[in-house]
Amino acid sequence: MQLTGIHHLTAITANARGNNQFYTQTLGLRRVKKTVNQDDTSAYHLFFADGAGSPGTDITFFDWPAAPERRGTNAITRTGLRVGEDSMDYWADRLSGLASKITTLDGRPTLDVEDPEGQRLRLIAAPTPAGQPWDRSDVPAEHQIHGLGPITISVPELAPTQAVLTQVMNMRLVRDYASPDGQGQVHVFEMGEGGAAAELHVAVQPGLPQARQGAGGVHHVAFRVPDTAALTAWTDRVARFRVPSSGEVERFYFRSLYFREPGGNLFELATDGPGFDVDEPFETMGESLSLPPFLEGKRQQIEAGLKPLA
């Protein structure tokens, strides 16, 4: 059994309008789904991805009126966004004032950037697998973001987290490097066929305070499984290792399983399908509010509680 890569990452915003503007206009991603948090329908759940909404390309946001994140360990700390090898200079120029200088990290050209709320992103020259361009993006097709990965988490000690990653989740420890913030060592775990789209980087940082989740922080990271049969197999495996979990949850656009690793970070396993065009035309997905069938009867009430995005 193998996970096949990063599926999505879900973060927190306290400014849905500004968030929508940054990820669609500045980063040039397509908003592929405008829906609500299924467990808190007062909050938007916005999905930004490549032109097709492909699994492994979407960064998503819960819109909660939260205080800013307090940074530290026991947290998901950096989201990798893969771009073409010839695109780094383009992005350094486009993000001037928001990003660091181009450096080499773990053997790859990288560019660290923060969104207006302090969400920590890292553009990485690692073009494969390539995403599907979006023809309405402000970013030229050859420079558009290909997808997610790697994702970096911070924990105070390695052994308990490594046990879950390698024994339960069948990841492989392949290398390590010094953390660029000067705090500890980063250990690289890969899944499936490996590569940046299928890597989890674990920074061991016992000297940091415990993080407090909030705006500009990350809620959870999801890993790819191909279908519901595979997810059920993983659900059984997690149970055999006596890892507490949510059990399988129907999210309509994919099916999920949630559990926490010993460092406290929330993991999700999510199926590749059915996808974001299951309930609206591919050409217009993400433009209007979509609700799963079990929430459709509350549409009027839900819409009344949401703020306009533009």
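How far apart do the end C-alpha atoms of residues 5-139 lie, and what percentage of the span is helix and what percentage strand? The end C-alpha atoms of this span lie 25 Å apart, and the span is 13% helix and 42% strand, where helices (H or I, at least four residues) and strands (E, at least two) are DSSP runs, numbered from the N terminus.

This is a predicted model, in which local features need pLDDT of at least 70 and side-chain atom pairs count only at pLDDT 80 or more, while totals for chains, interfaces and linings use all residues. Residues are numbered from 1 along each chain as its sequence is written, and side-chain values use heavy atoms, with hydrogens and water left out.

## Annotated spans

An unreviewed UniProt entry lists residues 5-139 and 147-272 under "domain: VOC"; UniProt positions are given in the numbering used here, feature names are shortened, and annotations may be inferred rather than shown by experiment. For residues 147-272, the end C-alpha atoms lie 14 Å apart, and this span is 19% helix and 40% strand.

## Cores and packing

The largest nonpolar core has 63 residues, and those with the most contacts inside it are Leu 27, Met 169, Phe 223 and Leu 269. Such a core is a set of buried Ala, Val, Leu, Ile, Met, Phe, Trp, Tyr and Cys residues joined through side-chain atoms within 4.5 Å, and buried means under 20% relative accessible area, exposed over 50%, and partly exposed in between (1.4 Å probe, protein chains only).

Not counting residues up to four places away in sequence, Phe 223 touches a set of residues including His 7, Met 169, Leu 200, Phe 267 and Leu 269, with contact meaning heavy atoms within 4.5 Å. His 7 is found in strand β1 and counts as buried, at 3% relative accessibility. Leaving aside neighbours within four places in sequence, the contacts of His 7 include Pro 55, Asp 58, Leu 148, Phe 223, Phe 254 and Asp 272. His 7 and Arg 237, which are 230 residues apart in sequence, are 19 Å apart in space, C-alpha to C-alpha.

Helix α1 covers residues 16-26, and its buried residues are Ala 16, Asn 19, Asn 20, Phe 22, Tyr 23 and Thr 24. These buried residues pack against the strands β1 (6-13), β2 (30-37), β3 (40-49), β4 (58-63) and β8 (120-125). After α1 comes Gly 28, whose phi is positive, near 75°.

## Pocket and cavity

Rolling a probe the size of a water molecule over the atoms shows where empty space is left. On a 1 Å grid over the protein atoms alone, a cavity is a set of points where a 1.4 Å probe fits but cannot get out, whereas a pocket is an open set with protein on both sides within 12 Å along at least five of seven lines, and lining residues have an atom within 4 Å of a point. Grid points are joined across faces, edges and corners, and a volume is the space filled by probe spheres set on the points.

About 320 Å³ of space lies in the largest pocket. Of the 22 residues that line this pocket, the closest to its centre are Thr 4, Arg 82, Pro 129, Ala 197 and Arg 224. The lining divides into eight nonpolar, 10 polar and four charged residues, where Ala, Val, Leu, Ile, Met, Phe, Trp, Tyr, Cys and Pro count as nonpolar, Asp, Glu, Lys and Arg as charged, and the others, Gly among them, as polar.

There is one cavity of 30 Å³ or more, and about 80 Å³ of space lies in the largest cavity. Of its 13 lining residues, the closest to the centre are Arg 122, Ile 124, Pro 150, Tyr 177 and His 201. The largest share of this lining, three residues, comes from β5.

## Backbone details in loops

Two peptide bonds are cis, as the table sets out.

| Cis peptide bond | Omega |
|---|---|
| Thr 128 to Pro 129 | about -5° |
| Gly 273 to Pro 274 | near 10° |

Pro 129 lies in the loop between β8 and β9 (147-155), whereas Pro 274 lies in the loop between β16 (266-271) and α5 (299-304). Asn 74, although not a glycine, has a positive phi of about 60°, and this residue is partly exposed, with a relative accessible area of 23%. Arg 242, also not a glycine, has a positive phi of about 60° and is exposed, with a relative accessible area of 76%.
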